[in-house]
Amino acid sequence: MSELKSLTLDALHRELGGKMVPFAGYDMPVQYPAGVMKEHQHTRTAAGLFDVSHMGQVILRGDSYEAAALALEALMPVNVADLTEGRQRYGFFTNEQGGILDDLMFANRGDHIFVVVNAACKDQDIALLQNGLPDGVAVEVIEDRALLALQGPEAEAVLATLNPVVADMKFMDVAILDLNGAECWISRSGYTGEDGYEISVPDYAADALARALLADERVLPIGLGARDSLRLEAGLCLYGNDIDAGTSPVEAALTWGIQKVRRTGGARAGGFPGADRILAELEGGADRVRVGLKPQTRAPMRDGVALYASDDASDDGGDQIGHVTSGGFGPTVGGPVAMGYVPTAHAANGTVLYGDVRGKRLAVEVVALPFVAATFKR
């Protein structure tokens with residue numbers, strides 16, 4: 001096994017009592033002494049500070065923003081060129097089979113594009129950009145900045161104590177602002193369904209900024225455990241679980257991320273990997289789709305649980321029709337929640353299916369996502 005990488009704030013996490021675990025090649029805090037349940041609930045009611053420095057940060061520069069944007073559009077079915085300066089958008093790289101190689105966030109920062117990619121796919125994504133973009137677009141990998149996320153209903157008030165301008169930002173706005181004496185790259189976004197910010201801060205200033213935020217009684221440090229339960233309640237995909245190279249954006253119910261200009265009949269339709277399959281599924285639908293699942297018992301249904309149309313577990317009880325991709329206890333919901341893939345014919349809200357939990361088929365209902373409504377500042 002390769003040696004785990006350490007976060008810039010590794011010493012702080014240990015000082016705070018963080019329980020460290022391997023994740024995506026890094027030594028990461030999964031929880032702190034407060035525990036996953038308290039961390040989850042605190043983020044929903046106040047503000048939580050997450051260290052997401054394992055994510056990849058990349059800058060793309062061309063002769064102009066438009067030149068870099070049109071080049072990037074050749075790698076994903078998303079409208080990059082028409083994104084307004086100072087705004088961020090969700091996107092995903094696709095392969096020639098129409099599967100998702102990774103999902104990401106990108107921002108128009110005037111003369112360049114700022115991209116944040118998943119940690120587990122970071123090396124693959126950087127190679128994709130380096131090999132897939134023309135010589136006129138430079139790929140600059142940022143390796144001297146940490147990435148923090150401040151999430152929750154009190155996030156604005158807390159961050160505004162360091163710079164009041166952040167209160168003027170709306171969901172998916174980006175800005176370069178001074179925080180605690182350091183130049184920070186800030187977006188009003190996150191991975192919890194709550195209002196909040198993601199903050200790229202120079203490594204040398206990361207510890208001081210984190211401590212300044214944690215000094216506020218409204219802020220608790222939050223680990224990977226609560227990050228996962230928060231994003232699951234928000235109906236957000238985890239790469240490698242809910243989306244992967246064999247899953248199309250249409251199957252994943254991410255069609256909202258493919259703007260009209262890139263679809264059939266649009267001004268820049270197609271021209272991305274897997275366009276034939278993706279455009280066909282946008283028009284005619286996919287055979288299966290990601291749905292929300294609400295187990296009807298207290299038993300959680302975790303990733304890998306097989307789904308059936310019948311509760312008959314005998315030999316002739318029917319073939320497996322789908323599976324759970326993410327699942328666990330939802331602290332805000334007060335019960336188990338899950339997501340998974342089922343045939344389109346079984347995807348209507350209210351459909352009752354059965355998950356095989358330790359040899360017993362337990363009822364689970366197809367429900368609308370998200371489980372907890374988003375509170376973004378529009």
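Okay, let's start with β1 and β3 (residues 26-31): they run parallel and are joined by 2 bridges. Ser-6 sits opposite Asp-27 in β3. Helix α7 (residues 224-233) packs on that sheet, touching β2 and β3, and its direction makes about 70° with that of β3. Touching here is contact, heavy atoms within 4.5 Å.

Quick caveat: this is a predicted model, where local features need pLDDT of at least 70 and side-chain atom pairs count only at pLDDT 80 or more. Residues are numbered from 1 along each chain as its sequence is written, and side-chain values use heavy atoms, leaving out hydrogens and water.

Helices here are DSSP runs of H or I, at least four residues, and strands are runs of E, at least two. Two strands pair if DSSP finds at least two bridges between them.

Next, the hairpin. β17 (residues 322-330) is mostly covered, with 7 of its 9 residues buried, meaning under 20% relative accessible area with a 1.4 Å probe. On one side, β17 pairs antiparallel with β16 (residues 306-308) over 2 bridges, and Leu-307 has Gly-322 as its bridge partner. β17 is also joined to β18 (residues 335-343), antiparallel, by 7 bridges; there, His-323 partners Tyr-341. Between β17 and β18 lie 4 residues, and Gly-334 takes a positive phi near 80°.

Last one, α6 (residues 203-214). Which residues of α6 are buried? Ala-205, Ala-206, Leu-209, Ala-210, Leu-213 and Leu-214. They cover an arc of only 165° around the axis, so they end up on the same side of α6; that arc uses the directions from the helix axis to the C-beta atoms.

Definitions and conventions. Buried < 20%, exposed > 50% of the residue type's maximum accessible area, 1.4 Å probe, protein only. Axes fitted to C-alpha atoms, helices over the stretch in contact; angles between N-to-C directions.
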